[in-house]
Each structure stands twice: as C-alpha cells, then as structure tokens.
Amino acid sequence: MSNDVRYCERISYLFLKFILIGYSTIFWLIGGFILAIGIYAEVERQRYKTLEGVFLAPAIILIVLGIVMFIVSFIGVLSSLRDNLLLLKVFLYTLTICLILELLGGILALAFRNQTVHLLNKNIRKGMVNYYDDLDFKNIMDFVQRKFKCCGGTEYLDWQVNMYHNCSAPGPLACGVPYTCCVGLQPQVVANTLCGHQVLEKQRLDLQKVIHVRGCTDAIFIWFMDNYKIMAGLLLGILLPQFFGVIISWLYITRVEDAISEFGHYQDGLLEGEGPQPKEPSRLGALCQCLPEFD
C-alpha cells in the first residue's frame, strides 16, 4: 500500500506541475501580447500628441495591465519549473490579492453607484474638453455615441464644455454636437457632419428626432441591465481563471510542503521511491489510501 500511495503522490505532483506551468505560460504570453499592443499604442499616441490624461488613455491602461500579467505569470512559470516554494507563495498571494481587489472594486462600485457615476461623468467631461485634440478619446466617444444611441456624459448639454461646441465660440460647430449624436446614422453612408448644428440652444423635446438627448452614462448602465447575462459571462470569464490559478497554485504548494515535511528538504527523485521512506503518508497520500488499491 505504501508504494501505491507514493505512486499516487507522484501522479498528483506531475499533474499539478504541468497544469500550473501551462496556466502560467498562457497568461504570460497573453500579458506580453497586451504589453506589446500597449507600447505600440503609446508610441502612436506620443507621435500624434493625443490624450494627455492618463485615466482616459487606453495605451496606459494596456501597458499597466500587460506589465502586471507578464510579471505575475512569469513568476508562476519560473516557480512551477523550479519548485521554488517562496516564488510559488508570491504567485499565490499576488493572484489572491488581485482577485480580492477586483471583487472589492466591483462591490464598492455597486454600493456607491452615485459616486461611481459622478466620477465617470467627471472624467468623460474632461475628455470632451479635448475631444478634437485627442484621437483616442474621440474614437471611443464616437463609438459609444453610435453604439448606445446617446450624446455626452450626463446629457447632450455636456458638449458645451468643448471650446468648439460652446455657444460663445465662433464657427459652424458653435452650439452644436458631434454628428455621432445624430438620429438615423446609417453605416456605409456619408454622414452630414453638421446634423447637430445649433441644438444646444433648443429644448430637449424639440430634439427627439434630431439627436439622441440621453447621456451615455445612463445608456451604458441601461444596456448592462438589459444584457445582464452577457455581463455575468464576461465577469465569470475574468474572475474564474484567476480563481482557478489560486486553487491550482495552493494545491501545488501543499504538495511541495508535504515533500519538505516528509524528507526535510525537497527533491523530486524522492517521489520516485529513492531515499528514506516517510513514516506517515502526506495529506495527498492519506487521500490516496482511501482509493481502491492499484493492480
């Protein structure tokens, strides 16, 4: 029975090792890919002198995300290859902290919904000030206004913060909104870029057939509520892989610690039947004793 237990422990060790190596390698490559895209986007952003605000710069977000994923996943790859207990624990604790922070962030965002919406609208208005000088924000805002049929952050009147759309500004854009706010935009059709001319000085009820008067913040939240299944799937797709990584790394650390407690040090060959035999089965070994005996 002792040999059966040791054989079971050996199989469990190899299984956990290869799973952890594969898991870490996949996210290491993904992190490197995201980092490369972020660096390329940041180079282009600096080249064309687009958005200066870090909060709204997609390139900065991609670079930070890519660096975190690359470093954490590299620690996971290295620790699982070398069976380094210290690095394994660093990998486990880092994953756990990231998972907890994401959960706390989501809970706090829901609990303080009004403050979250206010912060979001505040940053949207900051981006709207430099709408024509920031290619990144302009593309994002145009996509959102088309996709969600909305205009501005809180409402269409937010466009007054832009120096070109303010009613006191000279030029044809004064007191208007970008054409992506207009009702009836058709794909593959050249849009009338002045369809939102002089709408900021008109009443909301007079603009129902001209532009989308509701703000994009409310439109996005309504879309989230209407498509809660998609959002739940997306949330699980983000959290479950991290939770899986936490479980696998914890099990692997348990296996390595068992070997250290049994033999006083860790040596892979001891799992093959070399060296002194442990007096009592480890935690995984005790589990194996409950299984049917091997032929």
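Start with the torsion about the S-S bond of Cys150 and Cys216: it comes out at about 90°, so this disulfide is right-handed. The sulfur atoms of Cys150 and Cys216 sit 2.1 Å apart, which falls inside the 2.5 Å cut-off used to call a disulfide. Keep in mind as you look around that this is a predicted model, so the geometry here is what the prediction gives you.

What does the Cys150–Cys216 pair tie together? Cys150 lies in the loop between helix 5 (135-147) and helix 6 (216-226), while Cys216 belongs to helix 6, so the link connects parts that are 66 residues apart in sequence. Cys150 has a relative accessible area of 0%, so it is buried. Cys216 comes in at 2% relative accessibility and therefore counts as buried too. For reference, the buried label applies under 20%.

Let's move on to Cys167 and Cys175, which are joined with an S to S distance of 1.9 Å. Is this link right-handed or left-handed? The torsion about the S-S bond of Cys167 and Cys175 is about 70°, so this disulfide is right-handed. The two ends get separate labels for accessibility. Cys167 has a relative accessible area of 37%, so it is partly exposed. Cys175, on the other hand, has 3% relative accessibility and so counts as buried.

Next up is the link between Cys182 and Cys195, with 1.9 Å from S to S. Where do its ends lie? Cys182 and Cys195 each lie in the loop between helix 5 and helix 6, 13 residues apart. How accessible is each of them, then? Cys182 shows 4% relative accessibility, so it counts as buried. Cys195 has a relative accessible area of 23%, so it is partly exposed.

One more cysteine deserves a quick look before you leave. Cys98 has 26% relative accessibility, so it counts as partly exposed.

Key. Residues numbered from 1 in each chain as written. Predicted model: local features only at pLDDT ≥ 70, side-chain atom pairs only at ≥ 80, totals over all residues. Heavy atoms only, no water. Helix = DSSP H or I, 4+ residues; strand = E, 2+ residues; numbered from the N terminus. Buried < 20%, exposed > 50% of the residue type's maximum accessible area, 1.4 Å probe, protein only.
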